[in-house]
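A report on both topics is given after them.

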Amino acid sequence: MVITGLAVSLVSCGKPEKKRYEAQFTGVFDTVTQIVAYSESKEKFTNQSQYIYDMLKEYHQLYDIYNDYPGINNLKTVNDNAGIKPVKVDKKIIDLLLFAKKWYKETDGKLNIALGAVLKIWHNHREAGIEDEAGATLPDIEELREANKHVDIDKVIIDEENSTVFLEDPKMSLDVGGVGKGYATEQVCLKAKENGFDSGLISVGGNVRAIGSKGTEEDFWNVGVQNPDKESNEKILRITYLKDMSLVSSGIYERYYIVDGKQYHHIIDPDTLFPADNYSQVTILCKDSGVADAVAKAAFILPFDRALEYINALQDIEAMWVFKDGSIKYSSGFEKYMKK
């Protein structure tokens with residue numbers, strides 16, 4: 001973990017001087033985590049950052065579907081026991097799965113953590129295509145359709161009393177990549193706030209969560225919406241003002257591969273079983289980072305008229321869409337959060 005202190009300080013009447021500190025680390029949710037905060041001392045900030053890292057690491061290991069960890073029953077353990085037996089798991093897994101089931105209904109199935117059988121096929125083709133671009137291939141549609149017979153989220157059986165999860169279908173697998181990082185980010189931020197972290201900005205990949213204000217009661221955090229066009233000299237499209245809010249962007253520019261000159265990204269439409277192709281990026285603004293992750297799937301997959309109607313019907317949730325041609329459209333209340 002790299003921690004730096006910057007020569008920016010704030011003094012409030014009768015309160016200790018606060019300085020701005022930054023920390024950065026990797027190793028959780030396969031991305032870079034950055035923390036910015038105003039704190040009375042480097043020691044206090046270091047302790048808070050370590051607390052945040054430790055919690056994120058715990059969530060990462062629990063929600064991992066690729067790796068085993070000593071003494072931990074995680075989602076890989078659940079998948080490995082599909083059709084065999086229920087697996088006793090940590091409450092953090094139970095809570096995530098219940099949250100995801102709720103938002104499966106709220107997004108009309110656009111967020112489906114039981115889509116793992118389909119996503120695994122795309123993952124394997126993507127990994128092979130990245131390794132050997134000249135030999136990159138697309139999944140066969142019949143293979144995808146066969147896998148899609150094993151994505152019924154109602155067959156994810158959650159026993160809250162005994163804290164177990166059982167996949168009734170032996171060919172089913174869970175994949176929480178569409179919501180796990182945002183949900184974990186939100187839970188960690190809530191715990192950090194209880195632990196005295198009252199003025200900070202935490203970015204876990206594309207999930208940015210503002211806690212409190214920027215060092216003083218009046219100041220908002222300035223958070224940029226990045227440009228999905230990596231070739232552009234304009235790296236930031238818009239600047240938003242945030243306080244106790246989340247900004248989450250989903251786009252085509254991170255996990256993708258190229259087949260015959262065309263880019264295929266990781267956000268799969270559960271209806272077509274192929275990557276959604278309406279936008280370059282969708283950015284969601286709302287209080288809860290987990291909700292933002294969930295809503296982003298519907299906003300990214302639905303055609304614009306339906307996506308706009310969906311977002312505008314939700315309370316205190318806003319969206320910004322970046323189209324393939326670079327044009328931008330907003331939900332009804334997004335622009336009020338923008339820096340003029």
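The model is a predicted one. Its largest pocket has a volume of about 1200 Å³. This pocket is lined by 44 residues, and D175, G177, G178, R255 and H266 are the closest to its centre. Two or more lining residues come from each of helix 1 (42–63), helix 4 (116–131), helix 6 (180–194), strand 11 (246–251) and helix 7 (289–301). Helix 4 contributes the most to the lining of the largest pocket, namely 6 residues. Sorted by class, the lining of the largest pocket comprises 17 nonpolar, 16 polar and 11 charged residues.

At least two lining residues are supplied by each of strand 1 (2–10), strand 2 (18–28), strand 3 (31–39), strand 7 (200–204), strand 9 (221–226) and strand 11. Strand 9 provides the largest share of the lining of the second largest pocket, 5 residues. The class composition of the second largest pocket is 11 nonpolar, 10 polar and 4 charged residues.

**Cavity**

How many cavities of 30 Å³ or more does the structure hold? There is 1, and the largest cavity contains about 40 Å³ of space. Its lining is made up of K18, Y38, S39, E40, K44, Q48, G196 and D198. Strand 3 and helix 1 are the elements that give two or more residues to this lining. By class, the lining of the largest cavity divides into 1 nonpolar, 3 polar and 4 charged residues.

**Buried charged residues**

D269 is located in the loop between strand 13 (262–265) and strand 14 (279–286). D269 is buried and has no salt bridge; K110, the nearest side chain of opposite charge, is 5.5 Å away. That separation does not qualify as a salt bridge because the nitrogen and the carboxyl oxygen must lie within 4 Å. Leaving aside residues up to four places away in sequence, D269 touches F274, A276 and I301.

K110 itself is in the loop between helix 3 (91–106) and helix 4. K110 counts as buried because its relative accessibility is 11%, the cut-off being under 20%. With residues up to four places away in sequence again excluded, K110 touches P270, D271, K297, A298, I301 and L302.

**Salt bridges**

The structure holds 14 salt bridges.

| Lysine | Partner | Closest N and O atoms |
|---|---|---|
| K91 | D95 | 2.9 Å |
| K193 | D244 | 3.2 Å |
| K92 | D90 | 3.9 Å |

K91 and D95 are 4 residues apart in helix 3, so about one helical turn separates them. K91 counts as exposed at 54% relative accessibility, whereas D95 is partly exposed at 24%.

In the salt bridge of D244 with K193, D244 lies in the loop between strand 10 (236–242) and strand 11 and K193 in helix 6, so the pair ties together parts 51 residues apart in sequence. D244 is partly exposed, with a relative accessible area of 23%, and K193 is also partly exposed, at 41%.

K92 and D90 belong, together with E58, to a network of salt bridges. K92 is partly exposed at 22% relative accessible area, and D90 is partly exposed at 30%.

Methods: Residues numbered from 1 in each chain as written. Predicted model: local features only at pLDDT ≥ 70, side-chain atom pairs only at ≥ 80, totals over all residues. Heavy atoms only, no water. 1 Å grid on protein atoms, 1.4 Å probe; cavity = no way out; pocket = protein on both sides within 12 Å on 5 of 7 lines; lining within 4 Å. Points joined across faces, edges and corners; volume = space filled by probe spheres on them. Nonpolar A, V, L, I, M, F, W, Y, C, P; charged D, E, K, R; others polar. Buried < 20%, exposed > 50% of the residue type's maximum accessible area, 1.4 Å probe, protein only. Contact = heavy atoms within 4.5 Å. Lys, Arg positive; Asp, Glu negative; His and termini not counted.
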